[in-house]
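Hi,

Here is the structure I promised to pass on.

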Amino acid sequence: MTQEKWGQLRQKLLKTVGQNNYSTWIEPLEFQELHDGVAVFTVPTNFMGNYVSQNFADLILYELNNSGESVQRIAFRVAANSPVRPVVPTTAATADKRPTERKQATQQTGTRSTDTRTSSSAFEPMDSLQAAPLDARFTFDSFVVGKPNELAHAAARRVSEGGPVTFNPLVLYGGVGLGKTHLMHAIAWELKSKRPDLNVLYLSAEQFMYRFVQALRERRMMDFKHLFRSVDVLMVDDVQFIAGKDSTQEEFFHTFNALVDQNKQIIISADRAPGEIKDLEDRVKSRLQCGLVVDLHPTDYELRLGILQNKVQQHQATYPDLKITDGVLEFLAHRISTNVRVLEGALTRLFAFASLVGREIDMDLTQDCLADVLRASERKITVEEIQRKVSDYYNIRLSDIIGPKRLRSYARPRQVAMYLCKQLTSRSLPEIGRRFGGRDHTTVMHGVKRIEELKLTDGQIAEDVEMLRRALEA
Ligand code: ADP
Ligand code: MG
C-alpha cells in the first residue's frame, strides 16, 4: 500500500469517526508497511496505540480491505523519536489558564492542520488538560433504550440537562460493554451543547491517575488541585481502576469532596456496585453510595435486536447497496448474548465481509463469517453449575439442594436454583426436575413461580437472584 492510498483511506475514516476522533487518533498514525497481511503503523505512544487498537482497529481493517488491500491484522509500533512513557504530559502554559481559555486551547489543538505535525506533537490534543476525547458516535440519539438500561438512561438524561444538581454523584455501574462509556459521552456532548458555559471534564480513572502521578513528579500538585477543583462537571469513567492505588484514591477523595461541597455535578462509572469494589477505601465507597447509584443490567433479546437494527441503519448509510435477509438480526440477537461491543463487532464484520464479496447478508454468510464469534458465545450455563453456585452462595451443601430436605433454609435456595435453571438454560421443566433429585415438573414449575412472586415482594430474594445471575453469566 502506498502512502497516497493511506491518505485517501484516512479521508474515508474521517467521515466515519468525525473530526474530533480523527484529529486525535487517526491523523497521528503513520503508515509504515504492509507485510504478510499485517499493516504496521507507528504511533507516538503506547497508550495511543492501545486506544486506537481497541477502538478503531476494526474500522481501519475494514477500510483497508474495502479498498482492495488484503490485511488480516493491524499492528502499532511506538515511534522511536517520541517519548515512550505513556503519561499525559501537561504544559505549564495551559495549566495556569482560566477554564474558558483552556477550552479554546483544546479546540485549537483539536482542529489543527496536518502538515506541521510531528509524531510527538500529535499527542497534544490529549495533553491539553481538558477532557479526554469524546467519541462522536456516543450520543443519546444513538443510544437504544430498553428495559435493562432505562433507569440509567433516564438518570443520564437528567444530569445532561445541566439543571440544579439533585443527586450527587451519579454512579453508573454494570458489566463490560453495556453502555457506561456511551452514556457518559452522551452526557458530555449534551452538556456541551446545552450548557457551553459549563466546564465539563470527562476522563477515565486511569487518566486521572496519570495526571496525578505526573503532577507529583513535576511538583505541580497545586496546579493539579486547582485544575480539578475548577470544573463544573467531573466525569470519571471506570473508577474501579483506582482501587488499591492508595494515594490516587486519597486525591480522588479530596477532589470529590471539594466538588461536592461546591455543589458541582460528579458522574462516575464502575464495572460493579461501589460496595463491591475490592480494595476501594470505605470512605470512598460510602461517598459514592451517597448519590444515585444505578446499574445497567445485562442486555435482553429485545434490546440487542434494537441495537442491531439501529446499527444496521448506520452501516447502510455508508453502504446503501448491502441487503440483509430477514431473520439474520434476530438470529444474532438470540445467539450473541454477551456484551454489546461483541454484537457490534459482529455486525461490522458482516458488513465488511459482505461488501468485500459483494453478497447479501444471509444466514449462510453469517454462519461463515462469524463462525468463531458464534462458537465462543455457545458456552452454555449448565444445571450443575447453577446448583453449585447457588449452594455456595447460601452456604449449604450441594446435596441439600438436590436432596429431599424440605426445611425452608434448603427449599428456598433450591427454588432459586430451579428458577435460574429455567431462566438461564434451555432445559425443560421435566429435565430440570430430574436433575433436582428426580422431582416432578410441577414441583419445578411451582418453585419458579414462587421465586417470580418473591422477586417482586422480597428485596433480598430479588438481590440474591440478580447476584447469582451475574456470577453465572460472567
Ligand atoms: P462500557 O463502557 O459499559 O464497557 P461502552 O459504553 O463502551 O460499554 O459500550 C460498548 C459498545 O456498545 C459501544 O460501541 C456502545 O456504543 C455500544 N452500546 C452499548 N449499549 C448500547 C445501547 N443501549 N445502544 C446503542 N449502543 C450501545
Ligand atoms: Mg467503558
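**Salt bridges**

Arg 229 has a relative accessible area of 21%, so it counts as partly exposed. Keep in mind that this is a predicted model. Arg 229 pairs up with Glu 251 in a salt bridge, where the closest N and O atoms are 4.0 Å apart. This one ties together distant parts of the chain: Arg 229 sits in helix 10 (residues 221–229) and Glu 251 in helix 11 (residues 246–261), 22 residues apart. And is Glu 251 buried or exposed? Glu 251 is buried, because its relative accessibility is 5% and the cut-off for buried is under 20%.

Next up is a pair within one helix. Arg 450 and Glu 453 are both in helix 22 (residues 441–457), three residues apart, which is about one turn of the helix. Their salt bridge has its closest N and O atoms 3.0 Å apart. Both ends are partly exposed: Arg 450 has a relative accessible area of 28%, and Glu 453 has 42%.

Arg 195 is partly exposed, at 25% relative accessibility. Asp 197 comes out at 51%, so it counts as exposed, given that exposed means over 50%.

How many salt bridges turn up in the whole structure? The search finds 22, and the pairs above are among them.

Cheers

Definitions and conventions
Residues numbered from 1 in each chain as written. Chains lettered and ligands numbered in written order. Predicted model: local features only at pLDDT ≥ 70, side-chain atom pairs only at ≥ 80, totals over all residues. Heavy atoms only, no water. Salt bridge = Lys/Arg side-chain N within 4 Å of Asp/Glu carboxyl O. Buried < 20%, exposed > 50% of the residue type's maximum accessible area, 1.4 Å probe, protein only. Helix = DSSP H or I, 4+ residues; strand = E, 2+ residues; numbered from the N terminus.
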